[in-house]
Amino acid sequence: MNAVCKAHFQSLNYSRKLVVNRMKREPTRFGRISSFNNQVLLLPSSHMSFSKLNVPSSATTRRLHVLADEDRYDVSSTEIRRVIKSHFGGYQEGFTCVTVNCPSCNTLSSTTKEASNDLGKLHINLRTGYSFCTRCFLSGPWSSLASYMKALGVSKLKSEKTKTCPPSITQHLSQYTPTTAETNEMRRLWNSAQPIHSLSEETLVPFLDKLRLGDVSMETLEKVGAKINLNLEQLILPCLTSKDAPFHSIKIITPNHNQLEAIEPDPDTELDDYCRVEEKNIPKQHPWLLGYHLAKNKDEVIVTATAADTLTALDCLAVPAVCLPSGISNLPLATLAFLESFRKITLWLDNGVQGAESARVFARKLGEKRCHFIRSSEETPSALQCRMKGKNVAQVLKTALPMTHKSVTTFSSLRKDVYAEITQSSTVAGIRWRRFPALTDLLKGHRRGELTVFTGPTGAGKTTFLSEYSLDLCIQDVRTLWGSFEIRNVRLAKMMLQQFSGLMLESETREMFNVVADEFEKLPMYFLAFHGQQDVTSVLEAMSHAVYVHDISHVVIDNLQFMMGTSSSEHSSMDRFYKQDQIIGSFRRFATDNNVHITLVIHPRKEVDELSTSSIFGGAKASQEADNILILQDKRTHDPTCRRKYLEVAKNRYTGDLGVMPLEFHKESLSFAPRNKRSASTKVTAAATTAAANKVSPFTSSALQSGRGRAQ
C-alpha cells in the first residue's frame, strides 16, 4: 500500500469528534458529549404501513454525503475484475461497474424460495471499488468487500475438513438507512397527506397551479404515487425502486413564500421564473431516484434536476424520466448503480451554465459514450418551462447532442455557448460571495475551471480568510475539498465552526455546540488527511479521487511550498524554481481537465514594501498561469498595535477589474466579513438558544435562511 492509500479522506464526522475532544481538553463549559446508541426505526411503505429494521451502529453506517474512504486500496480496474472473478466465479461488465449477484439477497431468496432472476445485484465501481446493492442497499468501500472475500476464502478452506457456515456479507458491508428523526418525519408527512384520487378536480387544479404543475395529468401523478397535503401546501412524491416496494425517501414540493428573503433576485432573471417553488428531500442525502420504478428495465432514460421537470417529462414523453437525488449538486456513487442498466442517458439539467457544467461532470462518471446533453437556453429551456411557453417538449428532446470530447471544434458547435456567455452573464460569472460583496463586485463570482493564486505575509491571516472565503461558497452548496498542510484538520474545522456560527464557542454550552455542529455537518466540506511535507503526485491522485467520488468543484491547497520537498545542498534554487513551475502546471491542467476551481496558497518573498504579483515566490509561471491573483496586504501604521489589512485583486482574467477590499477582523467569530454581514450572528444565537431550550438538535429551515452565522 503506497502513500496514496494512507492519504485517505477524513469525513466530517471524524473531524467533529476531534473538535469535541479538543474542546474537552480546554477549560470550557462543554462537559462530556455523549454518543448515539443503536435505535430501532420504522421505514414507510408505499402505502400506509411501516416495517421495523435495526439500525447499524454509527461505526458501520456510512452517510452518502460524507462517504469516508479510510481504508481505500490503491486498486486498478483490472485488479477489481480479477478478484471479483476469482471469488464470485464471474461478473457482468457494465458502463461504470461490474455486477454480481448480491450474497445477502441470495441468502434471503434461499429462505423464501424466490426466483433467481429477481435477486439483487451488487454493483462494484471500477474506479473506486465502492459496492452497492440496488435491492437490499448494502454498501461499502473496496476494503470492506475485500475483507469479506478474504473471509469467504478462509471459510472454503476450512469447510473441506469441518462443516462451517460461510461468513455473512452484512458483517463487512453496512445497510444504508435513514435516521430515526428522518423516518418519523417521513411517516408524519405521508400519513397526514391525501391520495390524488381522493381529491376533486376543483380542489386539485388550483393547488397544482400554485406549483406551476397545472398541466400535469392526474394519471401521471398517480403513477408516481403522489400525495397532497392541502393544509401545508405540499405535493409529496415517494422515491420507489419498484412498483410494490416500500419507499425510503420522499421529495416535497411547496410554493416558496420566502423567495425574496433568502437571496436577492438577479435583476436579469424574471421574477416569475425565480424560486417559484421549493423542493425538499427527506432524508436530505440519499441515492434513490424519483421515477425509477417507471424507468426500470428500459434502455433509455431522461435525467432531470427537479421533480417538476421529471413530472412534466413523464406526462409529455414516451421516454421515462428520473430526478437526481440532490439536483445538480452531486451524483452519489450509489446512484450510479441505479443508472447502470441504461444504454442511453439524456441529461436535461436546466440551470443554464451551472447545469451544463454539472452535466459534463456527471457524464464523465456515467460514461460519456452513452450520455447526451440538452443545454438549457431560450430555445431549449427545461421541460417544465417548455410546456409553460407552449413549446413542443418532444421536439426539444430531439436537440440532444452526444457528450463527447473533440480535439477540433467549429463555431457552429460553440454558438450556443457563446450566446449563453452574452445573455446569461450573471450566471456565467459564477457563485457570488455573500459575506464579501466587494469581492463579488471585482471578480463577479466563483467559477469552475479557474486557478486562483493567493498570497500574503506570514501571520497576516491567510488561512483564516481562506477558511471564511471557502465556507461562504460551501454554504451555497459549492462542494469543497480542503488540503491544509500547515495546520491540522481539527483546528481548521474548529475555526470554520466558529466562523459558521458567529459565536465564541469556548464560552457556550454543550447543547449550543451540538446544535451548531449538527448543522455544520450537513455542509459538503471535505478534508485531505495530509499534514506537513507531501509529494505532489499523491496530492493530485487524492484530489482526482475526491472529484470523482464527491463531485468536488472547489479545492483549496494551503500551501504550495509543502509539496516542493526539503531543501538540501544537492538541489539548487534553480531546481526549486523549476519544480515549482512543474507543480503549478500540474494544478493548472487539473483545474482545466476536471473543471474545478483551485485556490492555491503561495508564500511571498520577504519584502518590506507592499506586495505585488512579482512578490510571489518562485518564477513567473505562477502569475502567468493564474486566472486570479489575490494578495492579502498587511500595512503597519504609526500605532504598532493597529494594522490596516485589505485584500487586493492584482489579476482578474475574467473581466480585468482590479481593486482592493478593506478587511476588518472580528476576533470573537474569527471573521473578516463587513459588519452589516455579521448582524445575522445574533439570529443564529437566538435560534440555537431556542433549539437548545426545546432540546431540538437541528435548526429550522426558516432560522437557517435568516441567520446561518454571517452567511447572509
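**Entry 1, cysteine sulfurs.** I began with cysteine 323, whose sulfur lies 7.5 Å from the closest cysteine sulfur, that of cysteine 239, and this is too far for a bond. I take a disulfide to be a pair of cysteine sulfur atoms within 2.5 Å, and a search of the whole structure for such pairs finds zero.

I note for the record that this is a predicted model, in which local features need pLDDT of at least 70 and side-chain atom pairs count only at pLDDT 80 or more, while totals for chains, interfaces and linings use all residues. Residues are numbered from 1 along each chain as its sequence is written, and side-chain values use heavy atoms, with hydrogens and water left out.

Is cysteine 323 buried or exposed? Cysteine 323 has a relative accessible area of 0% and is therefore buried (buried means under 20% relative accessible area, exposed over 50%, and partly exposed in between, with a 1.4 Å probe and protein chains only). I also looked up cysteine 474, which counts as buried at 1% relative accessibility.

Leaving aside neighbours within four places in sequence, I find cysteine 323 in contact (heavy atoms within 4.5 Å) with Lys251, Leu289, Leu290, Thr304, Ala305, Thr306, Ala307 and Thr310. Aspartate 309 is 14 residues away along the chain from cysteine 323, and their C-alpha atoms are separated by 8.0 Å.

Cysteine 323 has its place in strand S16; helices (H or I, at least four residues) and strands (E, at least two) are DSSP runs, numbered from the N terminus. S16 belongs to an open sheet of five strands with mixed pairing, in the order S16-S15-S17-S18-S19, where two strands pair if DSSP finds at least two bridges between them. Strand S16 (321-323) and strand S19 (401-402) are the edges, each having a single partner strand, so one side of each is left without a neighbour in the sheet.

Helix H11 (residues 307-316) packs on this sheet and touches S15 and S16, and the direction of H11 makes about 170° with that of S16; axes are lines fitted to C-alpha atoms, for helices over the stretch in contact, and angles run from 0 to 180 degrees between N-to-C directions. Strand S15 (residues 300-304) runs parallel to strand S17 (residues 344-348), and five bridges join them, with valine 301 opposite isoleucine 345 in S17.

I then followed another open sheet of five strands, ordered S10-S11-S12-S13-S14, in which the pairing is antiparallel. Its edges are strand S10 (194-195) and strand S14 (277-282), and each has a single partner strand, so one side of each lacks a neighbour in the sheet. Six bridges pair strand S13 (residues 250-255) with S14 in the antiparallel sense, and proline 255 stands opposite valine 277 in S14.

**Entry 5, strand S5.** Strand S5 (residues 97-101) is mostly covered, with four of its five residues buried. A hairpin of three residues joins S4 to S5, and strand S4 (residues 92-93) runs antiparallel to S5 with two bridges between them, glutamine 92 having threonine 99 as its bridge partner. S5 is also joined to strand S6 (residues 121-125), antiparallel, by five bridges, and cysteine 97 has asparagine 125 in S6 as its bridge partner.

How many residues of helix H21 are buried? In H21 (residues 510-520) nine of the 11 residues are buried, among them Met512, Phe513, Asp518 and Glu519.
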